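Thank you all for coming; I would like to take a few minutes to walk through one model with you. Please keep the sequence and the structure in view while I talk.

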Amino acid sequence: MSRKLALDILHPPFEISRMILPYKVATLLYCFNEQDEVLLLERAQEPNRGFWSPCGGKLKMELGESPYACACREAEEETGRKLAPSDLHLAGLVSEHGYQGQTHWLMFLFEVKKKLAALPPACSEGRFHFFPRAALDTIRIPQTDREQIWPWFWKFRGGFFAAHCHCHADGHNDWTLEESFS
């Protein structure tokens, strides 16, 4: 039996179906070089295996790791760069309800303030490549990234946005921009 829960946020209330799935918390790192090309990782592992995504990873919640500490740890593990929380700008917060019918996600999107001078070597997570902004329309990126995450990242770059995506089994997504400023 499916129960409906009403969420009252900044927009008119809407209903979501109750879906019992694990909730995962992750960070994504939006790194750029001096030409303002974005560093993306061709993922060798799920989720999104074979797609180009910002690097990052899941918080070690059992250790009480903060999103900033996770972002710094992931930057070092995947790119070899040592970062401090002051090297990061929290650019966005995205929640995804029922992503791929498997998981609810809460993602902290950080733009790395320091520019990269060189392409990091491949790692167990995949291989890296720099892309100009226009190339994002032509490469294989996750549907949610293409639909709203990248457009809102660019629109509010230097500011902040918070969004929620209700992912449906038929492949369509309902998006709500919950907060934003430039």
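This is a predicted model: local features need pLDDT of at least 70, side-chain atom pairs count only at pLDDT 80 or more; totals for chains, interfaces and linings use all residues.

Let me begin at the hairpin of S7 and S8, where three residues lie between the strands and Gln100 takes a positive phi near 55°. Residues are numbered from 1 along each chain as its sequence is written, and side-chain values use heavy atoms, with hydrogens and water left out. When I name helices (H or I, at least four residues) and strands (E, at least two), I mean DSSP runs numbered from the N terminus, and two strands pair if DSSP finds at least two bridges between them.

S7 and S8 run antiparallel and are joined by nine bridges, with Leu88 standing opposite Val112 in S8. S8 is also joined to S3, in this case by eight bridges and in parallel, and there Lys24 has Trp105 as its bridge partner. Nine of the 10 residues of S8 are buried, so this strand is largely enclosed by the rest of the structure; buried means under 20% relative accessible area with a 1.4 Å probe, protein chains only.

Elsewhere, an open sheet of three strands is ordered S5-S4-S9, with antiparallel pairing. Because S5 (52–53) and S9 (126–131) stand at the edges with a single partner strand each, one side of each is left without a neighbour in the sheet. Two bridges join S4, residues 38–43, to S5, and Glu42 stands opposite Trp52.

What, then, lines the largest pocket? A pocket here is an open set of points on a 1 Å grid over the protein atoms alone, where a 1.4 Å probe fits, with protein on both sides within 12 Å along at least five of seven lines, and lining residues have an atom within 4 Å of a point. The largest pocket holds about 460 Å³ of space, the volume being that filled by probe spheres set on the points, which are joined across faces, edges and corners. Its lining has 27 residues, and Leu28, Arg43, Pro47, Gly57 and Trp105 are the closest to its centre.

The second largest pocket holds about 220 Å³.

Note on methods:
Buried means under 20% relative accessible area, exposed over 50%, partly exposed in between (1.4 Å probe, protein chains only).
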